[in-house]
Amino acid sequence: MGMITSPAGIREVTGELSYLAPESTVLRRFTAPGESVNTGTYRTYEVRIRDGRPVRDQFTLDRNGFAIVGHTSAVADFTDREEVDRVYPGEVAEFVQSQTGADRVAPLGWVLRRSADPGANASQPQAALVHCDFSVTGARGRAEAAYAARFPDGHGFRRALLTSVWRVFSPPPQDWPLALCDFTSVAPGEGLANRLYFVDKIPADLYAEMPPDAPGTSGFEFHHNPAHRWWYFPDMTRDEVLFFTFNDSDHSRAWRVPHSAFRDTTAQATQPRHSIEFRTIAYFEEPSSAAAAEGDSGTAWAG
């Protein structure tokens, strides 16, 4: 995999990113309306984060795990939940299918994030830890369950790609942009699984035994690695999206992207960053004849 060719003097900022501390071993995150709590211990590191706009055309989903793509939405107000539910899932599914060539796309839902007073629009705070939303185990379980539920007529899939379509709808510049770690700088063995639980209220005992069927998923968090190469795209508008990989069952491609919001102290922002992220699973199906011959409705997940 080749590195991005950066022109001389490319702009970069110094940002503080919170990585998992080496001593943290029991990782749980509880997310309730307007707040989120994690049992991990974290350390803040100053890292260089490069401006990807001058080389935006060099980034690809398969090589780097992310790309910035122009995309106009018909949604007039992203804080209007009824309008978003009615218009946006179809738009995003069509976008993901066109970008990936997948046979089917299952929308997983969306989240608003706001860097100040997040509860004002039933939003979440900015996600300011270095993480990836799905581990291998979490991605496999979610992909298999979603395929069975949404496509009961399906004949199985050979690949599942879990992604985010991330859009800012507050005006530029952004006070808390999103930083993305180039997949080519992440070692294969990095990442510690973190169990995420969706709850109505943060529990008093964060280490109490949870029911096996408690709603949630499993993601990755990361220890600091000086080799990580970070990029961001300043001054985003509502007519472009960051399209990036949470987890890909095909590990011959860029199969996960650590990411984190960070405070850009160089940005003269006049409004808090408000964004919407939409998660999907893109399925690449088996030929019906091959699936029938094998009697298999699923796929072997890499790793």
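## A helix and its surroundings

The side chain of Asp-80 has a polar atom 3.1 Å from the backbone nitrogen of Glu-82. That's a polar contact, meaning a pair of N or O atoms within 3.5 Å; within protein, one must be able to donate a hydrogen and the other to accept it, and residues adjacent in sequence count only if both atoms are side-chain atoms. The Asp-80 atom is an oxygen, and the contact is at the start of helix α1.

Before going on, a word on where this comes from: the model is predicted, so local features need pLDDT of at least 70, side-chain atom pairs count only at pLDDT 80 or more, and totals for chains, interfaces and linings use all residues. Residues are numbered from 1 along each chain as its sequence is written, and side-chain values use heavy atoms, leaving out hydrogens and water.

Asp-80 itself is in the loop between β5 and α1. Helices (H or I, at least four residues) and strands (E, at least two) are DSSP runs, numbered from the N terminus. With a relative accessible area of 31%, Asp-80 is partly exposed; buried means under 20%, exposed over 50%, and partly exposed in between (1.4 Å probe, protein chains only).

Now for α1, residues 81-100. Why does its length make sense? The expected span is 1.5 Å times one less than the number of residues, so 20 residues should span 28 Å, and the end C-alpha atoms are 27 Å apart, which agrees. There's a kink of about 35° at Tyr-88, shortly before the proline Pro-89. (The bend at a residue is the angle between axes fitted to the seven residues ending there and the seven starting there.) After the helix comes Gly-101, with a positive phi near 75°.

Several α1 residues are buried, including Val-84, Val-87, Tyr-88, Phe-95 and Val-96. Among the elements covering the buried residues are β5 (66-70), β13 (240-248) and β15 (274-285).

## Rings that meet

The aromatic pairs come to 21. Rings of Phe, Tyr and Trp (its six-membered ring) pair if their centres lie within 6.5 Å; planes under 30 degrees apart count as stacked, over 60 as edge-to-face and the rest as tilted.

| Pair | Centre distance | Plane angle | Type |
|---|---|---|---|
| Tyr-88 and Phe-278 | 5.7 Å | 75° | edge-to-face |
| Phe-95 and Phe-243 | 5.3 Å | 75° | edge-to-face |

Tyr-88 in α1 and Phe-278 in strand β15 are 190 residues apart, so to speak from distant parts of the chain. Phe-95 in α1 and Phe-243 in strand β13 are likewise distant, 148 residues apart. Tyr-88 and Phe-278 are both buried, and both Phe-95 and Phe-243 are buried too. Elsewhere, Phe-59, Phe-66, Trp-231 and Phe-233 form one aromatic cluster.

Leu-129 sits in the loop between β6 and β7 (131-132) and counts as buried at 14% relative accessibility. Not counting residues up to four places away in sequence, Leu-129 touches Ser-18, Arg-29, Asn-38, Tyr-42, His-259 and Ser-260.

Key
Contact means heavy atoms within 4.5 Å.
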